[in-house]
Structure formats: C-alpha cells, structure tokens
Amino acid sequence: MEKETTPSQSEWLVMEALWANDTSMTAKEVIQKMQQTTDMSPRMVRVLLNRLWQKGVISYTVDTQDARVYHYTAVKSKEECQKEKSRKFVDSYFAGSQTNAMAALLESARLTEEQYQEMQEILIQCRETKRNEKQPGKHLLKRPGNILHKGSAKT
C-alpha cells in the first residue's frame, strides 16, 4: 500500500487556513484561525500540522528569535491536492475509470441548464488541451464562468 500524501478531511481544514494566508503561519496563528470555524483543540491542530509535514504537504522554518516557534507554509497548492485526491478517489472507488467516476458524479448531481452548458464547454476545452499538449506552445485550460465551482450544484 502506498504512503498517503494528501490531507485527510481534518487536515484539509488546517490546509484551508494555510492556503488562505499569503504568508507562513505559526501554530498559534493556525489554531486561532481554526477556532473561528471549528471546535478543534489546540493539541489536535498541532497533531494535524505534524501529520501534514510528514506527508510533505507543508514545510516549516524555525523562528530566528524563538526556536520553539515554527512558521508553517503550504508546499502543495490546493489545486495540486485536489487533483491528487481526485485521482486517488477514482482509483479507489472506480477501479481507475475516469469515465465511470464522471458518469456517477453527473448522474447524482442536480445541475441547471447553465451548469450543463458549462460542463460541455469544460469538456471541449479539456479535449483541446489534450490535443495542444501534442503541439508545443499551446496549453492551459481556462474555465468559463466557474458556475459549477460556486457550490450551486446540489448532490
């Protein structure tokens, strides 16, 4: 079994705090941020920070003024973690079949006509991106409107 390198559900909450911050954060700052939205104990936040470091998702530097203080920074972007989590989800629950995973998600979603249109545009862009990967100098997927990504679909 391969070593887990993506954040768990609880670890994801800690990562959200780090991703939302433009600079590194101390454990105390992460704890304060977490206490605004969860009832997670300070000890648990520290445990999660350690797990995230062990997974290579975050790094830290030791404070130059106080060696007991660590400054944590996200090593992996939210997008990188989402892609890795998605790949592992598809591998675990759909035997690696991306088509079956997408079909299951689409069948269970209640999408508006506008969201179906956006999905169609995303599929077209993905196809173009794949074609352009074979042609140097053309790449980058641009998503129109991001309607689906605003939490408006109900599953």
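How many residues does H4 have, and how far does H4 reach from its first C-alpha to its last? Helix H4 has 16 residues and reaches 22 Å, close to the 22 Å expected at 1.5 Å a residue (the expected span is 1.5 Å times one less than the number of residues). Helices (H or I, at least four residues) and strands (E, at least two) are DSSP runs numbered from the N terminus.

The model is predicted: local features need pLDDT of at least 70 and side-chain atom pairs count only at pLDDT 80 or more, while totals for chains, interfaces and linings use all residues. Residues are numbered from 1 along each chain as its sequence is written, and side-chain values use heavy atoms, with hydrogens and water left out.

**Stop 1: helix H4**

Select residues 78-93, which form H4. Its buried residues are Cys-81, Glu-84, Lys-88 and Val-90 (buried: under 20% relative accessible area, with a 1.4 Å probe and protein chains only). Their cover includes H1 and helix H5 (98-108); contact means heavy atoms within 4.5 Å. After H4 comes Ala-95, with a positive phi near 50°.

**Stop 2: H1 against H4**

The axes of H1 and H4 come within 11 Å and cross at roughly 155° (axes are lines fitted to C-alpha atoms, for helices over the stretch in contact, and angles run from 0 to 180 degrees between N-to-C directions). H1 is therefore roughly antiparallel to H4, a term for angles over 145 degrees. On H1, select Trp-12, Glu-16 and Trp-19; on H4, select Lys-78, Cys-81, Gln-82 and Lys-85, which complete the contact.

**Stop 3: H1 against H2**

Leu-13, Val-14, Ala-17 and Leu-18 of H1 meet Val-30, Lys-33 and Met-34 of H2.

**Stop 4: the nonpolar core**

Finally, select Val-14, Leu-18, Leu-49 and Ile-58, the residues with the most contacts inside the largest nonpolar core, which has 20 residues. Such a core is a set of buried Ala, Val, Leu, Ile, Met, Phe, Trp, Tyr and Cys residues joined through side-chain atoms within 4.5 Å. Around Val-14, look for Val-30, Met-34, Leu-48, Leu-49 and Leu-52, which Val-14 touches, not counting residues up to four places away in sequence.

Notes
Buried < 20%, exposed > 50% of the residue type's maximum accessible area, 1.4 Å probe, protein only. Parallel < 35°, antiparallel > 145°, perpendicular 65-115°, else oblique.
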